[in-house]
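Please keep the sequence and the coordinates in view while reading.

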Amino acid sequence: MRITIFGGGGFIGSTIADRLLNDGHILRIFERPRVEPYRTFLAHERVEWITGDFFSMHDVTDAIEGADIVFHLVSTTLPKSSNDDPVYDVQSNVISTLQMLNAMVAHKVSRIVFISSGGTVYGDPVYLPIDEKHPTDPHVSYGITKLAIEKYLLMYARLYGIKPVILRVANPFGERQRVETAQGAVGVFISQALRGKKIEIWGDGSVTRDFIYIGDVAEAFAKAATYLGTHHVFNISSGSGTSLNELVQTLEDVLDAPVNREYKAGRGFDVPVSILCNKLAQKELGWAPAVRMREGIARTAEWMRLDILK
Ligand SMILES: NC(=O)c1ccc[n+]([C@@H]2O[C@H](COP(=O)([O-])OP(=O)(O)OC[C@H]3O[C@@H](n4cnc5c(N)ncnc54)[C@H](O)[C@@H]3O)[C@@H](O)[C@H]2O)c1
């Protein structure tokens with residue numbers, strides 16, 4: 001298949017791209033100007049790297065022309081800072097996605113896989129594990145715009161026959177995770193520990209998240225590309241919870257060394273527990289997480305040693 005990946009040079013997008021190349025798909029990766037390819041592609045890998053602005057209808061139209069399916073991974077905001085400027089969040093994420101959907105309709109591109117956020121769209125859990133039918137009540141603008149985009153995808157499905165698959169990804173971690181944006185406790189914790197620096201934990205360390213290894217996330221996207229069933233929304237998660245204290249403990253085990261930590265005041269917008277049920281994805285996509293937390297942390301730490309701290 002010919003697949004356009006918006007944001008395909010980032011942490012999640014690049015891992016998905018590599019996974020899709022393994023299946024022999026033909027990729028067009030759309031990135032911001034000045035973002036360099038994340039690796040050298042091999043002669044047999046069919047990849048077109050193009051740059052532009054996701055806000056530009058012209059750039060987006062060029063990017064989707066001739067594609068069988070679009071993967072949408074662009075986000076201009078992060079959960080922790082999105083409440084600072086909700087207007088920007090809506091303008092840059094919702095409006096630009098609607099422009100892209102209009103371009104898809106005009107150019108007869110009918111399939112899309114969108115990455116949503118399992119960690120923010122639900123808000124405080126009413127029950128655990130959270131399945132796709134759980135109420136949605138995001139605490140942050142980032143979650144609200146993800147949800148708005150989900151709803152527009154479903155509206156475009158009804159109006160124009162677009163076929164969306166929405167993957168609500170829990171808390172991904174792994175190789176190529178960015179630590180400078182401080183999104184993702186696992187990446188930040190490992191990098192601090194490897195640098196011999198103190199890890200800052202917001203709250204008492206009981207905050208619990210559903211961490212999922214990036215290779216497993218990419219596998220789910222590869223399955224979503226060819227999904228022909230009738231469901232649209234799937235949680236992509238490990239299905240089990242790990243507290244920040246347990247995470248630090250596992251990190252100490254993997255590194256075989258004590259890790260310095262400091263507890264700070266909790267952040268109001270952090271939901272205390274997030275554990276997502278992944279049974280629907282297992283049944284419908286034929287997907288299951290395969291890499292356990294400890295193994296994923298070991299792989300990530302090894303990559304950081306070689307790639308970041310060299
Ligand atoms: N990292 C997480 O914890 C997590 C969890 C769930 C969902 N997501 C979602 O996954 C997606 C990818 O996240 P990531 O962690 O890989 O982030 P990332 O920053 O590594 O990747 C995003 C990519 O999108 C590109 N991009 C951003 N704005 C653009 C624009 N205007 N035009 C063209 N390209 C643009 C960036 O250059 C970057 O390479 C985002 O939509 C994010 O909301 C992330």
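By class, the shell around the ligand is made up of 12 nonpolar, seven polar and five charged residues, where Ala, Val, Leu, Ile, Met, Phe, Trp, Tyr, Cys and Pro count as nonpolar, Asp, Glu, Lys and Arg as charged, and the others, Gly among them, as polar. This is a predicted model, in which local features need pLDDT of at least 70 and side-chain atom pairs count only at pLDDT 80 or more, while totals for chains, interfaces and linings use all residues. Residues are numbered from 1 along each chain as its sequence is written, and side-chain values use heavy atoms, with hydrogens and water left out.

**Ligand site**

- Around the ligand there are 24 residues, of which F11, I12, E31, Y142 and R178 come nearest; a residue is counted as near if one of its heavy atoms lies within 4 Å of the molecule.
- The side chain of E31 places an N or O atom 2.5 Å from an oxygen atom of the ligand, and a polar backbone atom of G10 is 3.3 Å from an oxygen atom of the ligand.
- K146 has a polar side-chain atom 2.9 Å from an oxygen atom of the ligand.
- The ligand taken alone exposes 820 Å², and the protein buries 91% of that, with accessible areas from the Shrake-Rupley method and a 1.4 Å probe.
- Two or more residues of the shell come from each of α1 (11-22), β2 (26-31), β5 (111-117) and α4 (141-160); helices (H or I, at least four residues) and strands (E, at least two) are DSSP runs numbered from the N terminus.

**H72**

- H72 belongs to strand β4, residues 69-72, and is buried at a relative accessible area of 1%, where buried means under 20%, exposed over 50% and partly exposed in between (1.4 Å probe, protein chains only).
- The side chains of H72 and T97 are joined by a polar contact of 2.9 Å, that is, a pair of N or O atoms within 3.5 Å, of which, within protein, one must be able to donate a hydrogen and the other to accept it, residues adjacent in sequence counting only if both atoms are side-chain atoms.
- The H72 side chain also reaches the backbone nitrogen of V74 at 3.4 Å.
- Leaving out residues up to four places away in sequence, H72 touches F6, F54, T97, M100, I112, V113, F114 and I115, with contact meaning heavy atoms within 4.5 Å.

**E246**

- E246 sits in helix α7, residues 244-255, and counts as partly exposed at 39% relative accessibility.
- The side chain of E246 reaches the backbone nitrogen of S243 at 2.8 Å.
- Although E246 and S206 are 40 residues apart along the chain, their C-alpha atoms are separated by 8.6 Å.
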